[in-house]
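These are my notebook entries, written while I looked through a structure that was new to me. I begin with the overall build and then turn to single elements.

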Amino acid sequence: MPVIANGDGAKVWMRRTTAADLTAWFGWLAGVALTVLCFQFISDQTIWAFVWDAPRQAADLLDRAFPPRWSYANQLWRAMWDTINIATLGTVLAIAIGVPVAFLAAHNTTPSVVLARPVALFIIVASRSVNSLIWALILVIIFGPGMLAGILAIGLRSIGFIGKLLYEAIEEIDASQVEAVTATGAGRAQVLAWGIVPQVMPAFAGISVFRWDINIREATVLGLVGAGGIGMQLQASINTLAWPQVTMILILILGTVIVSEWLSARVRHAII
Amino acid sequence: MDAAAAARAWRPPPLIEAAWLRWAVYGGALLYAVLALGTLEVNWTRAAEGLERGGRFLGAFFPPDFVTHWLEIEEGLLESLTMTVTSTVFGVILSVPVALGASRNLAPMPIYLFCRGLIAVSRTFQEIIIAILFVAMFGFGPLAGMLTLAFSTIGFMGKLLAEDIEDIEKSQAEAVRATGASWFQLLAWGIQPQVLPRFIGLSAYRFDINFRESAVLGLVGAGGIGDTLNSSLDRYEFGTSAAILLIIIAIVMVCEYTSGFIRRAVQ
């Protein structure tokens, strides 16, 4: 406990030493200075007249957006179905690739620490670093606009997510069970099937459902870059300034996301 | 092994115990797979062409070209980074009152419902959708991006922090309250010390997320490196695109490593 003696010899308790106090103070100063500097940069790029206009613009937007065009919903069911398919099939694709990658990446199951593990870790990092919209942007150029690009974009982005969480789960398993199965004379594949897989199964199911829930949200916007789903209608409605349609789409997205979140929470609750 | 012994052989218990539910799930999954694949609209000839195009496309990515459009890349990066810093700071500061309001053990019912509603709206919509609306309101540029990220940060931090506040050790808060502390003193001495490590960890994590998101907001005109990436793809300057992607991956990795380090240090 740092203590300071003041003039008349009495000792006063302090929370920090003087040096620690100064360090903390300079830390805060640097943080505030950085924020101000960054904000100044943004401010220089901003046309403030548009910003002061924002309340009027917002009111105008709301005015044009309500009431939602309810009849437009009939044209949206198909797009919503596509969106859900993009999310689901993308998740299935990611599971198919992500699970082997996770087993290659986990310390206790990888066939080779020198060769296979770094490759698997690189796949995981590369997949996670790139946002699914950027994946979609690239895939649309390659495969043309449509659902295929969307499914692949969701799949590519999810491989890293599933791979990372699953390989961490594999590394945390109880080694004694694996040892018990090995002690019965089981081969590598048998150890995997009876010693490891049953232990990570609940984690795997939870991770997959969780990612599916995230993918539903992401699939709703992939259409903005042409990768299929309800985002295409959203983009078209925004481009034609059909704000009542935009409201309708947003309401539908809200409903779907709430349902998928509820479903995923229920499933995860049942498993874990 | 004879048939009777085979029937008595041990089998691992299935993941879903109730037989009817298990078969319903399997049947449902099969039905869904048939329906989904049946309605999948894919132009396979176009996709087959795509594979060949993809080869050429990837070829055009190499070598990455950092030089030709460096000024644009630099500006996009600066926008993304400044957006990340300011939105994290503002979002985190604003998320504190929202989190307090969304904690059932601190806030009265009307405030609780209001704050939970705010969090729900902020979490439901993707950043990019919010960015579209903010661009329409505030005009093009990084300010719209900053506000978008700050808004999402409020939802994210608000929810997780509120859950943490609801889970605190009650006896400590009670002890502080028993000394006659006011509501603010209760916050400062009973609750803040318990949630601070997680608060710092979450802020670091959110910084990381905000950078990733700032890389795509440019697609709808909200500034940042995504704008530069999009225009380089539009102009078929794939070398520049490759350079931008590499820079994004590098920064994301640095952010992730740093935020992981901070989280381990405080928790």
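What pattern does chain B follow when it is read along the sequence? I read it as α-α-α-α-α-α-α-α-α-α-α, with eleven helices and zero strands in chain B; helices (H or I, at least four residues) and strands (E, at least two) are DSSP runs, numbered from the N terminus.

I note at the outset that this is a predicted model, in which local features need pLDDT of at least 70, side-chain atom pairs count only at pLDDT 80 or more, and totals for chains, interfaces and linings use all residues. Residues are numbered from 1 along each chain as its sequence is written, while chains are lettered from A and ligands numbered from 1 in the order in which they are written.

**Entry 1**

For chain A I found eleven helices and two strands, in the order β-β-α-α-α-α-α-α-α-α-α-α-α. Its radius of gyration is 27 Å, well over the 19 Å that the globule rule gives for 272 residues, so chain A is more spread out than a compact globule. The radius is taken over C-alpha atoms, and the rule is 2.2 Å times the number of residues to the power 0.38.

I then looked up burial, where a residue is buried if 20 or more other C-beta atoms lie within 10 Å of its own, exposed if 12 or fewer, and partly exposed in between, with C-beta atoms placed from the backbone. Buried residues make up 38% of the 272 residues in chain A, and 39% of the 267 residues of chain B.

**Entry 2: helix α6 of chain A**

I checked the length of α6(A) (residues 132-143): at 1.5 Å a residue its twelve residues should span 16 Å, and its end C-alpha atoms are 15 Å apart, which agrees. The expected span is 1.5 Å times one less than the number of residues. Twelve of its twelve residues are buried, among them A:Trp135 and A:Phe143. These buried residues pack against α7 and α9 of chain A, together with α3, α6, α9 and α10 of chain B. Just after the helix, A:Gly144 takes a positive phi of about 85°.

**Entry 3: where the chains touch**

How many residues of chain B are in contact with chain A? I found 47, which touch 46 residues of chain A; two residues are in contact if their C-beta atoms, placed from the backbone, lie within 7 Å. On this side of chain B, α4(B) gives the most, with seven residues.

**Entry 4: helix α4 of chain B**

The 32 residues of α4(B) should span 46 Å at 1.5 Å a residue, and I found its end C-alpha atoms 46 Å apart, which agrees. The helix bends by about 30° at B:Ser95, and B:Pro97 follows within four residues; the bend is the angle between axes fitted to the seven residues ending there and the seven starting there.

B:Phe211 is 127 residues from B:Thr84 in sequence, yet their C-alpha atoms are 5.4 Å apart.
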